[in-house]
Amino acid sequence: MMKKIYHKLRQKYYSIGTNTEYKGVNFLKGRGKKIFTVTRGGVQINGMVTIQQNTKIISREGGNVCLNEYVKLMENVQIDALRGRIEIGPATYVGRNGMIVGLEHIVIGHDTDIGPNVCIFDHDHVFKPEGKQRWDQFTTDKIVIGNNVWIGANVTILKGTTIGDNCIIAAGSVVKGNVPKGSLYYNKKEKIIKKIVTGD
């Protein structure tokens, strides 16, 4: 019975590729011609979306993901809300092999295009210059990406970043901090090697 309902909803409202994974099993249909919600665990889909092959959408430890109408997730995308919240606005495109991991809060606006191999992390591992590393300890800060933003291939966006509306982030950039609206952002390429200074 559940498979039949899933098939009907899939045909009418959204496209899901093979080998796509979710956490949870519940379906909820909203009332109204254009209102449609699928909830599986902490994953909510509002409206018609496209999810291509081998994509993973995961909510863990109270985390949740919200995809709005006309979002497109291409092949091999991974969206992982570990205690945090990830919101992707209407008509936003996430290119193949993208990874978005949220421990606090990641907000992506509408009509934003994210190229292939882009990584977005709202957290860092806690690193100790000496002693045993604890890979389960993190520091976090919110990420906000505005509307009508173009993010090129192989970009990494780090915690505490805000990107204003109508920006272009050049391919291969590492983004940290505030990017004012209407900006072109790119990294000047240079090699820097510094000694790790141990704390007292």
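This is a predicted model: local features need pLDDT of at least 70, side-chain atom pairs count only at pLDDT 80 or more; totals for chains, interfaces and linings use all residues.

Trainee: OK, how many helices and strands does the chain have?
Mentor: There is one helix, and there are 24 strands.

Trainee: Which strands make up the open sheet of six?
Mentor: Reading across, the order is β5-β8-β11-β14-β19-β22, and the pairing is parallel. At the edges sit β5 (56–60) and β22 (174–175), each pairing on one side only.

Trainee: Let's zoom in on β8. How many bridges join β8 to β11?
Mentor: Four, between residues 78–82 of β8 and residues 99–102 of β11, running parallel. For instance, Ile-79 has Ile-100 as its bridge partner in β11, and Asp-80 is partnered with Val-101 there.

Trainee: And β5 with β8, how many bridges there?
Mentor: Five, again in the parallel sense. Ile-57 is the residue standing opposite Ile-79 of β8.

Trainee: Why is β8 described as largely enclosed?
Mentor: Because four of its five residues are buried, β8 is largely enclosed by the rest of the structure.

Trainee: What about Gly-98, where is that?
Mentor: Gly-98 is in the loop between β10 (93–94) and β11. Its relative accessibility is 2%, so Gly-98 counts as buried.

Trainee: Which residues does Gly-98 touch?
Mentor: Leaving out residues up to four places away in sequence, Gly-98 touches Asn-76, Val-77, Gln-78, Asn-117 and Val-118. Its C-alpha is also 8.2 Å from that of Ile-114, which is 16 residues away along the chain.

Trainee: Switching to charges: how many salt bridges are in the whole structure?
Mentor: A search finds five. One of them joins Glu-75 and Arg-96, whose closest N and O atoms are 3.4 Å apart. That pair links distant parts of the chain, with Glu-75 in the loop between β7 (72–73) and β8 and Arg-96 in the loop between β10 and β11, 21 residues apart.

Trainee: Are those two buried or partly exposed?
Mentor: Partly exposed: Glu-75 has a relative accessible area of 22%, and Arg-96 has 40%.

Trainee: What's the N-to-O distance for Asp-124 and Lys-159?
Mentor: The closest N and O atoms in that salt bridge are 3.8 Å apart. Asp-124 belongs to strand β15 (residues 123–125), while Lys-159 is in the loop between β19 (156–157) and β20 (162–163), 35 residues apart. Asp-124 is partly exposed at 29%, whereas Lys-159, at 15%, counts as buried.

Trainee: Last topic, the surface. Which residues form the nonpolar patch?
Mentor: Trp-150, Ile-168, Leu-184 and Tyr-186, with about 460 Å² of accessible area together. Ile-168 lies in strand β21 (residues 168–169) and is partly exposed, with a relative accessible area of 40%.

Trainee: And what does the accessible surface of the chain come to?
Mentor: About 11600 Å², of which 52% belongs to carbon and sulfur atoms.

Methods
Residues are numbered from 1 along each chain as its sequence is written. Side-chain values use heavy atoms; hydrogens and water are left out. Patches are made of residues with over 30% relative accessible area and no salt bridge: like charges are joined within 9 Å, nonpolar side chains (Val, Leu, Ile, Met, Phe, Trp, Tyr) within 5 Å. Accessible areas come from the Shrake-Rupley method with a 1.4 Å probe; for residues, only the protein chains shown count as cover. A salt bridge is a side-chain nitrogen of Lys or Arg within 4 Å of a carboxyl oxygen of Asp or Glu. Helices (H or I, at least four residues) and strands (E, at least two) are DSSP runs, numbered from the N terminus. Buried means under 20% relative accessible area, exposed over 50%, partly exposed in between (1.4 Å probe, protein chains only). Two strands pair if DSSP finds at least two bridges between them. Contact means heavy atoms within 4.5 Å.
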